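Work through the following exercises with the sequence and the model at hand. Each task is followed by its solution.

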Amino acid sequence: KEKVEITKAQRALMKVIVDAYNRHKIPQDVAKKLLQDQYSAEENFLLLTEMATSQVQVLVEFTKNIPGFLSLNHEDQIALLKGSAVEAMFLRSAQVFSQKMPNGHTEVLEERIRKSGISEEFMTPMFNFYKSIGELHMIEEEQALLTAITILTPDRPFVKDQQAVERLQEPMLEVLRKLCVLQHPQEPQYFARLLGRLTELRTLNHYHAEMLTSWRMNDHKFTPLLCEIWDVQ
Ligand SMILES: O=C(NC1CCCCC1)[C@H]([C@@H]1CCCCO1)n1c(-c2ccc(Cl)cc2)nc2cc(F)c(Cl)cc21
């Protein structure tokens, strides 16, 4: 039976990541807004682009707090942010969707999102992902570490020094692995399931540009930042 113990240094690393994650959380009010009123496809699209734009800004701030990130090659820093922004947005959306809500609220939220203007064909993969994240009942340390691990994916397009990124990602993976063993002792496969979600997240990457351009409305307007980050317009 492996005696798992998180070292002082690993606890310190986890604290830096969780503090940064909590400082840079997107306001949960997008869920509240969607629960309050029904919006037109145009209003929903505008809400999404506004939320996604501010989430990218928040993601940059969070990433700057990842120990060692700012010492990476500058082009690689951009490549990591550009390569992970969409996944970080879906991961954050899944975490917002999975948060504990009063009875019946999640169903209303799901209904509102299903009717928000997104094409039917993307609902299944998107909600399958949201529900698989929900089933994990992640604690905030796991959410924060998983977001940092997603950003520090070495094999993003155009990353030159992949080894440097691996050297930053590995300690995060090790802390998360230990945390999973300590947090879910009855479930030895929990860590593997968590990493499996990152594979599912990459498949949503493929759909996102089409999800946006097929939004049931004319004339899809994006902010300049989203044009940079998303492969749209
Ligand atoms: O704003 C959203 N997500 C933000 C993004 C930044 C981080 C915080 C959450 C969108 C909403 C969906 C309805 C129409 C308005 O947009 N959204 C998406 C979503 C994201 C990408 C695409 Cl292409 C389609 C849908 N899934 C969501 C799950 C949820 F629980 C909630 Cl509350 C909102 C969610």
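**Exercise 1. Locate the ligand and describe its shell.**

Solution. Step 1: the ligand sits in the largest cavity, where a cavity is a set of points on a 1 Å grid over the protein atoms alone at which a 1.4 Å probe fits but cannot get out, and sitting there requires more than half of the ligand's atoms within 2 Å of the grid points. This is a predicted model, in which local features need pLDDT of at least 70, side-chain atom pairs count only at pLDDT 80 or more, and totals for chains, interfaces and linings use all residues. Residues are numbered from 1 along each chain as its sequence is written, and side-chain values use heavy atoms, with hydrogens and water left out.

Step 1: the ligand is surrounded by 22 residues (a heavy atom within 4 Å), the closest being Asn-44, Leu-48, Ser-93, Phe-97 and Tyr-130. The protein covers 100% of the 680 Å² of accessible area that the ligand has on its own (Shrake-Rupley method, 1.4 Å probe).

Step 2: helix 4 (74–98) is among the helices that each supply at least two shell residues (helices are DSSP runs of H or I, at least four residues). Helix 4 gives the largest share, six residues.

Conventions: 1 Å grid on protein atoms, 1.4 Å probe; cavity = no way out; pocket = protein on both sides within 12 Å on 5 of 7 lines; lining within 4 Å.
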